[in-house]
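Good morning, and thank you for coming.

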Amino acid sequence: MMRTIAGWLVGLTVAAGLVAPTAPIAVAATLAQAPTAVTLSAAGPQPGTFTGRGFDTCTAPSQAAMDAWRASSPYGAIGIYISGGSRSCAQPNLTATWVANQISNGWRLLPIELGYQAPCGTRAPKMSADPTTARSQGVAAANSAATAAQALGIGSASTIYNDIEQYPSDTSCRAAVLSFLSGWIEQLHVRGYLAGMYSSGASGIRDVCDAYDNPNYTRLDQIWIAWWNGVADTDAGSYCADGHYANHQRLHQYAGNVTETWGGVTMNIDRNYLDVTVTQTPPQQWAATIDNSTSGGFTASSDWGTSAYSAQRFGTDYRFASPVASSDVAWYRSTIPTTGSYEVSVWYPADAGYNNQTPYLVATTTGNRSVSVNQRVNGGRWVSIGVFTLAAGTGNKVGVSRWTSGTGFVVADAVRITRV
């Protein structure tokens, strides 16, 4: 569609339009409407601590348009598309100077990455349907977005929102999207940013909220709910439980493709309501790798043999044992710096003679969790088995058990624990 700003035509596509309203919303705001009060923090992380109304539009408006709306509109925040292969609008105004000027004038910014889309959706480019590949694409997207944010002067502890448009969710598509987001979140944390996601309430938001307590996926810092119900609040209706993302972690796009005029400047926008805070901070990156030969980091009974047979091994050798109906666990010991969420990845050589249901045990704060891994495939690389809550302190954190209904040798090679 075309949007008009003060008589100048700018070609735009609407980033919203995800959950169509029951009736068209096409209103023209006038100066007679009183601005809505907002609560605004001092300049710093974007959007920072902010409660109030915001808008998004495809092309960053001119300085004159921003000044006119700042003086007379009810809005205090603006979504800007900083990166991503799906951006369809030119950004002639979006520079580090423009960003600095808006922050100086009291605007809060919502940096948006519009790139990889769900593999089952209609938009391109699509992320891989393979969860492992999708996760790596999420990491790449995070690096691209963080680099773009830094170039624009949007600093650490800011939230960057990944725009994943509406998709017809199913089991395999959901797994790809959640894996992609896990890579996105974890790498943004490494880069010092918080991680958000914008999506339709009926697809992306529902999927991440349903997976809120799923240890296989990393939890977002903020969600941006596209639900055009016309209500300026952060309720998500049936799409997300009230207790999820409840600590000032929500934005709500409550109307889309509406025309408003403030200070003589007309724009076609999407309306949003924000309740966000900077009390969450990106976790400091920490990782530990423990090999079967790490001094003080590995223990196993004498029934575990040692082999250097496979070239896919980590280090000089690895341990192996036959399945047995008893709890003979090879343990990896580590010192966890603080109680929190950690991704556990495992390394093993793959072979047709190795076990197809190897039980990995993770000592979480609520007891041991078991994850079965097929050691006949995906060898010679790090394989994530999920994200778990681990307790601070030194102890046995990850184990490999021989008690399995699978067949073939059980292998214990190396594990990696990464704070996310």
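Predicted model: local features only at pLDDT ≥ 70, side-chain atom pairs only at ≥ 80, totals over all residues.

Residues are numbered from 1 along each chain as its sequence is written, and side-chain values use heavy atoms, with hydrogens and water left out.

Let me start with helix α2, residues 96–104. Helices here are DSSP runs of H or I with at least four residues, strands are runs of E with at least two, and both are numbered from the N terminus. Which residues of α2 are buried? They are Trp98, Val99, Gln102 and Ile103. Buried means under 20% relative accessible area, exposed means over 50%, and partly exposed lies in between, with a 1.4 Å probe and protein chains only. Viewed down the axis of α2, the buried residues fall within an arc of 130°, so they line one face of the helix; the arc is that of the directions from the helix axis to the C-beta atoms. As a reminder, an α-helix has 3.6 residues a turn, so residues three or four places apart point the same way. On the face of α2 turned away from the buried side, we find the exposed residues Thr97 and Ser104.

What covers the buried residues of α2? The cover includes α1 (63–72), β5 (75–83) and β6 (108–113), where contact means heavy atoms within 4.5 Å. After α2 comes Gly106, with a positive phi near 100°.

I turn to the cores. A nonpolar core is a set of buried Ala, Val, Leu, Ile, Met, Phe, Trp, Tyr and Cys residues joined through side-chain atoms within 4.5 Å. The largest one has 64 residues, and those touching the most other members are Phe55, Trp69, Ile82, Trp98, Leu181, Trp184 and Ile223. Helix α4 (residues 171–190) gives the most to this core, contributing ten residues. A second, separate core holds 31 residues, among them Tyr318, Ala321, Ala350 and Ile385.

Finally, the disulfides. A disulfide is counted when a pair of cysteine sulfur atoms lies within 2.5 Å, and by this rule there are three.

Cys58 sits in the loop between β4 (50–56) and α1, and Cys89 in the loop between β5 and α2, 31 residues apart. Both Cys58 and Cys89 are buried.

Cys120 and Cys173 form another, at 2.0 Å between sulfur atoms. With -75° about the S-S bond, the link of Cys120 and Cys173 is left-handed. Cys120 lies in the loop between β6 and α3 (131–151), and Cys173 in helix α4, 53 residues apart. Is each cysteine of this pair buried or partly exposed? Cys120 is partly exposed, at 22% relative accessible area, whereas Cys173 is buried, at 2%.

A disulfide also joins Cys209 to Cys240, S to S 2.0 Å, and is left-handed, with -85° about the S-S bond. Cys209 belongs to helix α5 (residues 201–210) and Cys240 to the loop between β9 (222–226) and β10 (249–262), so the pair ties together parts 31 residues apart in sequence.
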